[in-house]
Amino acid sequence: MWVDVAFNLPLREPLTYRVEGEVPVGVRVRAPVRGRVLTGYVVGVRGNPPSGVAPEDLKPVEKVLDEEPLFDGRVLSLAQWVSSYYLCGLGEALSAMIPGGRVQREAPVPYDEPAAYRRHRLSPAQREAVEAVLSCTHPMFYLWGVTGSGKTEVYLTVAEHMLERGKGVLYLVPEIALTRQVVETIRARFGQDVAVLHSRLTASQRLAEWRRIVRGEVRFVIGARSAVFAPIGDLGLIVLDEEHESSYKSGATPRYHARQVAMHRARTEGALLLMGSATPSLEAYHLMHTGRLPFFHLPERVAGGEPPRIEIVSLKDHPGPLSKPLLREIERTKKEGKQTILFLNRRGFAHYVGCRACGFEMTCRHCSLPLTYHRAEEVMVCHYCGYRTRPIDVCPSCGSVDVRYSGPGTEQVEKQLRETFPFYRIARLDTDTARKKGVLERVLEEMESGQVDVLLGTQMIAKGFNFPRLGLVGVVLADTGLHMPDFRAAERVFSLLVQVAGRAGRFMPGGRVVIQTYLPDHPGIVCAREHDLRRFYEEELEVRKETLFPPFSRLVRLVFRGRDERKVERDAGGFASLLSADLPEGVELLGPAPCPMERIAGNYRYHLFLRSSSLAPMHGLLARTLPLFRPSSGVHLEVDVDPVQVV
DNA sequence: AGCACGCCGACT
DNA sequence: GTCGGCGTGCTC
Ligand SMILES: [Zn+2]
Ligand SMILES: [Zn+2]
């Protein structure tokens with residue numbers, strides 16, 4: 001017989017091979033492609049050789065790797081949908097979906113929150129929510145509720161109902177939230193018939209979990225982004241917790257978004273997609289408020305508690321890194337016998353090193369980005385490519401000694417803290433300090449038992465506020481990212497602040513939140529202080545409407561990158577003219593232009609955008625033009641449908 | 001993606 | 001005269 005095999009290559013069509021005996025669709029095989037032997041997926045079997053290729057040209061499969069198929073027709077048609085929606089090869093789609101098809105990057109280790117989850121009786125609001133979800137006839141439903149409003153209990157109760165009806169359940173959480181605690185909670189409630197698809201498992205462990213799902217041994221799957229492809233049969237429910245999280249978007253081809261894939265699965269497999277967040281994405285909010293997404297608002301915390309008082313401190317009036325008002329709050333908190341958490345999403349000492357006399361800036365030699373000064377190691381580091389070089393105290397351009405180190409990072413804030421409060425116990429958690437195994441756990445333990453007065457950290461500590469003596473949360477700089485030409489920057493800042501305030505309110509009743517910023521009038525910051533979500537969403541929607549960005553349009557981003565800037569620019573321009581020659585009605589072509597981060601790790605980057613009110617004409621255009629275009633040697637083209645990252 | 005083929009510039 | 005760059009085609 002003959003088999004059609006899809007490889008992890010940007011090929012349009014599968015290749016056909018000869019094979020001895022019966023081989024089913026869904027197994028992996030090793031087969032020769034142009035001299036080298038690659039692993040591919042059998043996506044079709046045939047009794048006769050295909051027409052168009054001479055039968056004697058068909059090579060034999062070298063080895064059949066699986067006895068049992070890894071996927072069925074349903075998974076295959078999902079792969080076909082991914083390949084046409086995200087414009088990649090079928091084999092590339094399958095490789096992203098099935099464990100072992102890709103070398104996955106080690107994910108950051110999330111830590112467990114100490115407090116165990118206990119099963120509660122449903123509050124009246126939760127009961128109402130469950131009923132609304134279960135009576136929903138639409139394929140999607142949104143649960144909008146602050147941290148601590150009991151969304152998890154609603155998800156799990158709905159899941160229970162689905163399992164009782166014999167339906168499969170897929171439970172998606174952001175990678176960072178996939179803690180042992182969460183998994184144990186689920187296992188405690190649903191028994192051992194739960195599969196976990198973790199990116200920190202080894203490839204073979206993940207494949208073993210995948211096989212258990214294929215065989216129908218488990219009916220409940222929990223996992224992060226890529227678990228959205230889990231081959232659960234008779235799917236009844238997909239939970240997408242923290243819907244707004246950008247980690248649901250893949251950073252490699254195919255650049256799929258778990259929310260988009262989940263929507264497609266819900267529609268085609270007759271399941272319900274239940275999303276939830278305290279801060280819905282603007283896309284979700286827009287759908288809800290135009291009647292296209294039924295939702296339920298969980299209005300308050302199950303355990304009661306007031307939202308925390310939020311104070312905004314302008315760094316223009318009160319110089320930092322830690323302003324006088326914030327330092328006073330830290331001191332007061334300590335005097336009350338309580339603890340402080342400080343956030344700053346920048347590690348290192350200074351993020352900008354430059355000359356005051358001539359304006360020279362110390363940038364990476366491989367990237368168009370400033371280098372960060374790391375004081376402990378006495379070195380300048382590029383956070384994008386890892387390039388390291390020696391710090392300067394004399395300007396290499398003009399010889400002046402007036403060299404300025406600005407843009408404080410966690411190292412510098414730690415220094416200021418220790419100088420201001422020499423007797424406080426201060427701990428810092430960022431990738432630099434937590435690199436050593438066990439440090440993270442130890443520091444969090446010390447924090448919990450009250451041996452730390454001030455905990456300073458990056459994103460790493462954003463999820464955990466569950467410390468009994470916590471009295472103050474400080475955001476050292478709220479405006480990170482707001483200077484970038486990124487239409488989602490405001491949304492991200494707002495979302496982060498509301499999430500921080502929400503967790504502070506949940507775990508720190510009567511506590512205080514201080515937000516430092518250079519932009520005290522920024523709507524994202526003002527609305528977060530006022531707890532006025534509606535106003536932020538409405539104002540931001542107005543901005544998106546005027547500028548015609550999502551949710552008022554759909555985007556496709558095309559990024560060209562390579563070492564030779566002239567070739568990159570030429571290819572971007574060449575493809576742009578190919579597109580504009582065939583541009584359908586209602587599709588706009590923006591660019592080409594250098595990306596805001598125009599050089600990373602030695603690669604120059606240019607991008608162009610297609611914009612339209614719907615994806616269909618852009619899909620059509622790209623399906624026609626991409627096969628006609630081939631980047632020059634040394635230039636790579638990446639297609640990003642519904643981009644999240646635009647710099 | 002990666003690898004072979006083949007065509008033109010510059011270097012022993 | 002050849003070496004090697006890269007644009008082009010193709011992979012069962
Ligand atoms: Zn760099
Ligand atoms: Zn200078």
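**A walk through the model**

Guide: Let's start with one side chain. Arg 332 is partly exposed, at 39% relative accessibility. Bear in mind that this is a predicted model.

Visitor: Which residue does Arg 332 meet in a salt bridge?

Guide: Glu 329. The two side chains meet at 3.4 Å, N to O.

Visitor: Where do Glu 329 and Arg 332 sit?

Guide: In helix α9, residues 324-335. They are three residues apart, so about one helical turn separates them. An α-helix has 3.6 residues a turn, so residues three or four places apart point the same way.

Visitor: And Glu 329, buried or exposed?

Guide: Buried, at 9% relative accessibility. The cut-off for buried is under 20%.

Visitor: What about Arg 512, which residue does that one pair with?

Guide: Glu 336. Their side chains form a salt bridge at 3.9 Å, N to O. Arg 512 lies in strand β23 (residues 512-517), while Glu 336 is in the loop between α9 and β14 (339-343). The pair therefore ties together parts that are 176 residues apart in sequence.

Visitor: How accessible are Arg 512 and Glu 336?

Guide: Arg 512 is buried, with a relative accessible area of 7%. Glu 336 is partly exposed, at 43%.

Visitor: Which residues do salt bridges with shared partners join into one network?

Guide: Lys 249, Arg 255, Arg 561, Glu 638 and Asp 640.

Visitor: How many salt bridges does a search of the whole structure find?

Guide: It finds 41. One of them pairs the side chains of Glu 209 and Arg 212, at 2.9 Å, N to O.

Visitor: Where are Glu 209 and Arg 212?

Guide: In helix α6, residues 203-214. They are three residues apart there, so about one helical turn separates them. Glu 209 counts as buried, at 12% relative accessibility.

Visitor: On the DNA side, how much is sugar or phosphate?

Guide: Among the atoms of DNA strand C within 4 Å of the protein, 48% belong to sugar or phosphate. The rest belong to bases.

Visitor: New topic. Which residues does the UniProt "binding site" annotation cover?

Guide: Cys 355, Cys 358, Cys 395 and Cys 398, according to an unreviewed UniProt entry. They are spread over 44 residues of sequence but cluster in space, with a largest C-alpha distance of 8.6 Å.

Visitor: Take Cys 395. Where is it, and is it buried or exposed?

Guide: Cys 395 lies in the loop between β18 (388-389) and β19 (403-408). It is buried, with a relative accessible area of 2%. Beyond its neighbours within four places in sequence, Cys 395 is in contact with Cys 355, Cys 358, Phe 360, Ser 400 and Val 403.

Visitor: And where is Cys 398?

Guide: Cys 398 is also in the loop between β18 and β19. Cys 398 is partly exposed, with a relative accessible area of 42%. Leaving aside neighbours within four places, its contacts are Cys 355, Ala 357 and Cys 358.

Visitor: Last one. Why is helix α8 described as largely enclosed?

Guide: Because seven of its eight residues (282-289) are buried. Among them are Leu 282, Tyr 285 and Met 288.

Visitor: What do the buried residues of α8 pack against?

Guide: β6 (140-145), α7 (258-269), β12 (295-298), α12 (489-507) and α14 (533-547).

Visitor: Which residue with positive phi follows α8?

Guide: Gly 291, with phi near 75°.

Technical notes:
Residues are numbered from 1 along each chain as its sequence is written. Chains are lettered from A and ligands numbered from 1 in the order in which they are written. This is a predicted model: local features need pLDDT of at least 70, side-chain atom pairs count only at pLDDT 80 or more; totals for chains, interfaces and linings use all residues. Side-chain values use heavy atoms; hydrogens and water are left out. A residue is near a molecule or strand if one of its heavy atoms lies within 4 Å of it. UniProt positions are given in the numbering used here, feature names are shortened, and annotations may be inferred rather than shown by experiment. Helices (H or I, at least four residues) and strands (E, at least two) are DSSP runs, numbered from the N terminus. Buried means under 20% relative accessible area, exposed over 50%, partly exposed in between (1.4 Å probe, protein chains only). Contact means heavy atoms within 4.5 Å. A salt bridge is a side-chain nitrogen of Lys or Arg within 4 Å of a carboxyl oxygen of Asp or Glu.
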